[in-house]
Amino acid sequence: QVQLVESGGGLVQPGGSLRLSCAASGSIFSINTMGWYRQAPGKQRDLVAHIISGGSTSYADSVKGRFTISRDNAKNTVYLQMNSLKPEDTAVYYCNADIRLVGERFRHWYWGQGTQVTVSS
């Protein structure tokens, strides 16, 4: 089994910063893409950023220049540094990862439980 555990959410004022972490654990053989999504109340879950194993990244237009995704392959961990936060960034943030388990031939997507980020004065 695999677990993705997020941390680092909370309440921050507009213009502030937060750093989210998501650690994958379990019988992991390899991880390809890791990413962050977010879902605001009443809205669909949208991609924020993702990073593949080689380090290439992609961002939603709404966060370009403010958010930075990174990963530590040795720790099976992905990070999201969020700067210049705006009220519209308020959402539950979920990490996901494309993981191949030990003894399996194919990768599957796994999701974390989500962490709340609230940007408000």
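## A buried aspartate in a loop

The model discussed here is predicted. Asp89 is found in the loop that runs between strand β8 (77-82) and strand β9 (91-101). Its relative accessibility is 1%, and because the cut-off for a buried residue is under 20%, Asp89 counts as buried.

Which residues is Asp89 in contact with, leaving aside its neighbours within four places in sequence? The contacts of Asp89 are Arg38, Arg66, Phe67, Ser84, Val117 and Val119.

## The four-stranded sheet

Four strands form an open sheet in the order β1-β3-β8-β7, and their pairing is antiparallel. Strands β1 (2-7) and β7 (67-72) stand at the edges; each has a single partner strand, so one side of each is left without a neighbour in the sheet. From one strand to the next, the twist averages 15 degrees.

The pairing of β1 with β3 (residues 18-26) is antiparallel and extends over six bridges. Within this pairing, Gln3 has Ser25 in β3 as its bridge partner.

## The disulfide

How many disulfides does a search of the whole structure find? The search finds one disulfide, which joins Cys22 to Cys95 with an S to S distance of 1.9 Å. Cys22 lies in strand β3 and Cys95 in strand β9, so the pair ties together parts that are 73 residues apart in sequence.

Cys22 counts as buried, at 0% relative accessibility. Cys95 likewise counts as buried, at 0% relative accessibility.

Key. Residues are numbered from 1 along each chain as its sequence is written. This is a predicted model: local features need pLDDT of at least 70, side-chain atom pairs count only at pLDDT 80 or more; totals for chains, interfaces and linings use all residues. Side-chain values use heavy atoms; hydrogens and water are left out. Two strands pair if DSSP finds at least two bridges between them. Helices (H or I, at least four residues) and strands (E, at least two) are DSSP runs, numbered from the N terminus. Axes are lines fitted to C-alpha atoms, for helices over the stretch in contact, and angles run from 0 to 180 degrees between N-to-C directions. Buried means under 20% relative accessible area, exposed over 50%, partly exposed in between (1.4 Å probe, protein chains only). Contact means heavy atoms within 4.5 Å. A disulfide is a pair of cysteine sulfur atoms within 2.5 Å.
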